[in-house]
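Take a look at the model below before reading on. The paragraphs after it go from one whole chain to its parts, and then to the places where chains meet.

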Amino acid sequence: MNFVDFLLQHSPALIVAIPLLGAFLTPLVSRINNKVRNIFVIIILLITTSIVLLLALDVFAGNIHTYIFGAKDLTLPVVRILFEVDAMSAFMAIIGSILLLVSVIYSWSFIEENSGLDKYYTLVLLLAAGMFGMMLTGDMFNFFVFLEITSIASCALIAFWTNKGKAVEAAFKYIVISSLAALFVLFAIALLYGQYNALNIAVLGSVIQFSYLDKIALVLLVAALAMKAGIVPMHMWLPDAYGRAPASVTIILVGATQASLYGVFRVCFTLYGNTINLSPTSIGWIIVLLGVITMLIGVSMALIQSDFKRLIAFSAVAEIGFIFLGIGTGLTLFANNQMFGLIGSTAMSGGIFHIINDSLDVGLLFLVAGAVYYATKETSLDKMGGLARNMKYTTIFFIIGLLAISGIPPMNGFASKLLIYESTFQLNPILAIVAILSSIMLLAVFVKVFHSVFLGPAQPKFKDVKEVPKTMLFAMGIIASIIIIFGLFPDLVINNIVEPAVNALINYSEYIRQVIPTFTGGF
Amino acid sequence: MIFNFPFIAVIALILIGLYAIIFRKNLIKMVIGITIIQSGVNLFLITLGYREGAVAPIFTSLPSGTEIPQGMVFPIPQALTLTSIVIGVAVLALMLSLIIHIYRHYGTLDVRKIGGEK
Amino acid sequence: MNGMSRIVKTITSIVFPFIMIFGLYIIAHGHLTPGGGFQGGAVVASGCAMILVAYGSVWTMGKIKEKNLSILESIGAICFIILAILGLGFGTVFFKNFLVGSNIIFGIVPSFGSTISNINTAGVIPLMNFAVGLKVIVGLFGIVLIMAYASRRRDNK
């Protein structure tokens, strides 16, 4: 067996193990030299990213990988801890690895002058391990453990600038919300375990009955994970956390939020997939409505903000609403085969494609906001102006992000939003109108920002502002080029990456059959 | 009826904890609320694995004459509870250290006096 | 927090070794009796915290460097992960218990059913318990020490 096959076979475990090992090696490595430490962290994440891509290539070709810890074969009844990677997990892992890699490259200059950087990098790698674990695991309890690792690491990173009171306050809000959410998840897992004596997602999915207790567990799981994803009634932690964390942390937090979204979809489609006929449309409609409210509240709150990063944070809330709208439309029609083929699959492609677009667009805008902060030490929109003269590359990246987030044609946001408009219009025209309206309002919001930050008269106090260092420009350049490539060739992305992910969510029986070969059910 | 008491206690603990988080104004009391909820969930997990008159599930030192596996309590919920306790320690330590920082900045632990943002 | 009275200090010095032995026993017998790395580590760390309370955080901070604690903690975690990766190297999969049945250390496979507890069993599990125990002792003690030290500075301001 050659090395690549070996790597591929063990990739699910290595994707989590390598960042974890790197996290604990970082305090030792940082005793040598700061530069060595930065290079070490980047190398660790490069290795992880290449393993993710290797695994994703194989998974998108149609294989589902299961990896059993501690034993060669699975024993029935399933008692082992296992990782199960289908196309949806691989899709999420790709997003996570891009964001992490960009973040550490950006961090090189951005937080260079702070103290305690070895702990910063340790936490970043721990967060990476937690995020990848959430995306790849096939076990409910394991999911809870990785959820907690992610929230502990990200809470400590939000409070990284402890000399600012607001940052610590935001971190406290975040840890209260996320530990509450995680305890609800654990309670729901206990409810499921008490009934079916299993913790494995596939095993639970094959026997689930949709009894009264199952409904309670479903409500707890969806509510708790939506709380962690920042859906509107429970979104109040998100602007604080995104706005107060360093920009290089915020972009990873976007990825961690997407991991919670992935949890919602995994629960709705795979864990409760077999009972979808028993609960015709209600859960789908709830998700659609949550999405619509999230979009509206997100953009209207973004309109009145005067802080650069808080404004982007509220537009990130609105963007998550688009994803919920797309996937919820698919879930609403899931039981209806004919309608699903017509509308539902388009809506789901749009929703899933928008996950990657959202994280790239919002991530780029946060990096630009961080760059402006780095250059001017200023976050209030009212006090900035005329920066386009001094920071021309940053301005170009901001224009790319602006066009992408508001869905203007040559950028990636257009493709996914068009799919969502098209399909939701056929479900209910009002949904599509609300979506288009919020998209236009996003454009208005960011044009306002563009005007007040980059255009306008030159401020005398910003006369000496210089362009940010090259590593930060390079990090922004990576995301901007991915945005443009995705915008120019959306069909390539949809056919090769998004469609397999959509099919993986729909064909939950394939996922279950990997563990229980005798399972008969589904379509 | 007597076997339902632990479940009633679980619900009571969770509600008390939620009350503390929502209505108490002191940050330390909010943290206590979270630990109460955690105790409730842990109690729920342990209760799921309980069997009347069973012994601890240590395979090599069972009393002679124990039926296997009917004579032992379920080990898995206990392992889950242990993991949850370990995580709870980490979360608790993190929250308390954040509270130390908040107290340094604002000089108070009252949520009404710590500045919020719109 | 400054040191407490002489009585407390003396009693602490007498009790401390017993707490250490009890905690280390729980770590070492984690694969035979209830307990393991985390539980034993918590016992040892609370013994250390007792010293901290009795002698004061300034005295303890003078004896132990915070940086050394974080390095020891990393070493504990690294040992754990390397043991898991060794399972991939010597055995077949990640976390494979590759020492079971070998004659090196902890290699005996006990006979089925109720037997006399033999410490020389269970493969890599005792080694992992040691790694976790080291990490928990240093980690928990570090948390308590730093919190005590941080809140102390506030008092003297």
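What follows is a walk through a predicted model, starting with chain A.

The confidence of the prediction comes first. Chain A has a mean pLDDT of 86, and 97% of its residues reach 70 or more. Where pLDDT is low, the predicted coordinates should not be read in detail.

Next comes the overall form. The secondary structure of chain A consists of 19 helices and 2 strands. Along the principal axes, the C-alpha atoms of chain A fill a box of roughly 75 × 60 × 40 Å. A compact globule with 523 residues would have a radius of gyration near 24 Å, and the 22 Å of chain A agrees with this. Of the 523 residues in chain A, 63% are buried. When contacts in chain A with a separation of 6 or more are considered, 80% of them are between residues 24 or more positions apart.

What lies inside? The largest nonpolar core has 275 residues, and those with the most contacts inside it are Ile158(A), Ala171(A), Val185(A), Ile189(A) and Leu364(A). Helix α6 (residues 165-196) of chain A gives the largest share of this core, 23 residues.

Helix α10 (residues 247-271) of chain A can be followed from end to end. Its 25 residues reach 35 Å from the first C-alpha to the last, close to the 36 Å expected at 1.5 Å a residue. How many of the residues of α10(A) are buried? The count is 25 of 25, so α10(A) is mostly covered, given that a residue is buried if 20 or more other C-beta atoms lie within 10 Å of its own.

Two loop residues of chain A deserve a look at their backbone angles. Most residues other than glycine have a negative phi. Phe210(A) is not a glycine, yet its phi is positive, about 60°. Phe210(A) sits in the loop between α7 (201-207) and α8 (212-229) of chain A, and it is partly exposed because 15 other C-beta atoms lie within 10 Å. Lys377(A) also has a positive phi, near 55°. The loop that holds Lys377(A) runs between α13 (337-376) and α14 (392-405) of chain A. Lys377(A) has 8 other C-beta atoms within 10 Å, so it is exposed.

Now turn to the contacts between chains. In the contact of chains A and B, 24 residues of chain B meet 24 residues of chain A. On the chain B side, the elements that give two or more residues are α2 (27-48) and α3 (75-106) of chain B. The largest share, 13 residues, comes from α3(B). By type, this side of chain B divides into 18 nonpolar, 5 polar and 1 charged.

The contact of chains A and C takes 14 residues from chain A and 15 residues from chain C. On the chain A side, helix α1 (residues 3-29) of chain A gives the largest share, 9 residues. The residues on this side of chain A divide into 11 nonpolar, 2 polar and 1 charged.

Last, a residue within chain C. Val53(C) lies in helix α2 (residues 37-55) of chain C. Val53(C) counts as partly exposed because it has 16 C-beta neighbours inside 10 Å. Val53(C) and Leu145(C) are 92 residues apart in sequence, and their C-alpha atoms are 9.5 Å apart in space.

Technical notes:
Residues numbered from 1 in each chain as written. Chains lettered and ligands numbered in written order. Predicted model: local features only at pLDDT ≥ 70, side-chain atom pairs only at ≥ 80, totals over all residues. Helix = DSSP H or I, 4+ residues; strand = E, 2+ residues; numbered from the N terminus. Expected span 1.5 Å × (residues − 1). Buried ≥ 20, exposed ≤ 12 C-beta atoms within 10 Å, placed from the backbone. Contact = placed C-beta atoms within 7 Å. Nonpolar A, V, L, I, M, F, W, Y, C, P; charged D, E, K, R; others polar. Rg over C-alpha atoms; globule rule 2.2 N^0.38 Å. Core = buried A, V, L, I, M, F, W, Y, C linked by C-beta atoms within 7 Å. pLDDT = per-residue confidence, 0-100.
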